[in-house]
Amino acid sequence: MAISLVTKFLPYVDELFATESKKSLLTNNDFDWTGAHTVKVYKVGTSEMTDYNRNPQAGFTGSRYGTVHDLDATTEEFTLKKDRSFTFAIDKLDTDETAQQLAAASALARQQRQVVIPEVDSYVYGVMCAGAGHKPDAVAVTSANIYDEIIKANNALDNAEVPETGRYLVVPPDVYVLMKKSKDIVMETDIANELRLKGVIAMIDGLSVMKIPATRLPADFGFMIAHPCATVCPTKLEDYKIHVDPPGISGSLVEGRICYDAFVLENKAKAIYYQAKTE
């Protein structure tokens, strides 16, 4: 006698893991792109100090403060380059016959979490690494030298007069493991809850430590110390739509568009230290 066993599909989706974005702590939105696709920012020069001429010779007609010079006033131009989009359709019967698991709203949220956010993060971190004002030669990062390399990097920012507060140390998981193995590193893990929710997991040498998935970082990423004043990260447009029963489709049409970019300011590039690693 043949017996047909019952196959049951549960109303559950085996979702991929996806990390929320942490770039908001490392970047700023100091400039306004409203009504424009390009923004120009002035870089104004300074004047050198000189000795005051307290007792000029007879007939002196110049300024006792020194030679008068005009200040340089050049500009940096930032034009948004990333204008990205996606679209997909979900048939009504597909929604009904997958126990409502193939639904437009949940599919859109999944698209943002697993596709949009990782792409934006990878681009922003790549721009920061490429534009870093400190880029020493690649080194083999180990548990024996990781602390010295971090201290050296932090010292470079000190000498560049980067603000001491608000600096972040970005590491991939493998380097974080090396930090935990280092006998020289004692990390402070008593972090305020609002910072922990944003991705800060520890403090070391005054730096807020952030662990970023290696898939969102350059291939040779060792670690990066950055102050958010250095990188402007605008999102000009972020638009997501669900059209129900549009012409030609019995179901939902999902569309999304995001226009964004990232720029490292020339005069603040020294606020980023990128250390590449060798294999």
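The model is predicted, so local features need pLDDT of at least 70 and side-chain atom pairs count only at pLDDT 80 or more, while totals for chains, interfaces and linings use all residues. Residues are numbered from 1 along each chain as its sequence is written, and side-chain values use heavy atoms, with hydrogens and water left out. Helices (H or I, at least four residues) and strands (E, at least two) are DSSP runs, numbered from the N terminus.

**Salt bridges**

- The whole structure holds 10 salt bridges, each defined as a side-chain nitrogen of Lys or Arg within 4 Å of a carboxyl oxygen of Asp or Glu.
- One of them joins Arg84 and Glu119, at 2.8 Å from N to O. Because Arg84 sits in strand β3 (residues 82-91) and Glu119 in helix α2 (residues 104-130), the pair ties together parts that are 35 residues apart in sequence.
- Arg84 is partly exposed at 40% relative accessibility, and Glu119 is partly exposed at 27%. Here buried means under 20% relative accessible area, exposed over 50%, and partly exposed in between (1.4 Å probe, protein chains only).
- Asp121 and Arg216 also meet in a salt bridge, at 2.8 Å from N to O. This pair links helix α2 with the loop between β6 (207-211) and β7 (221-226), 95 residues apart, and both Asp121 and Arg216 are buried.
- Lys152 and Glu149 pair at 3.2 Å, N to O. Both lie in helix α3 (residues 146-159), three residues apart, or about one turn of the helix.
- Within that pair, Lys152 is partly exposed at 41%, whereas Glu149 is buried at 11%.

**Nonpolar cores**

- A nonpolar core is a set of buried Ala, Val, Leu, Ile, Met, Phe, Trp, Tyr and Cys residues joined through side-chain atoms within 4.5 Å.
- The largest core has 59 residues, and Leu169, Met179 and Phe223 touch the most other members. Helix α2 supplies the largest share of this core, 10 residues.
- Leaving aside residues up to four places away in sequence, Met179 touches Ile146, Ile150, Leu169, Val171, Ile185, Met187, Ile204 and Val209, where contact means heavy atoms within 4.5 Å.
- A second, separate core of nine residues includes Phe78, Leu80, Cys259 and Leu265.

**A loop residue**

- Pro247 is in the loop between β9 (235-244) and β10 (251-260), and at 84% relative accessibility Pro247 counts as exposed.
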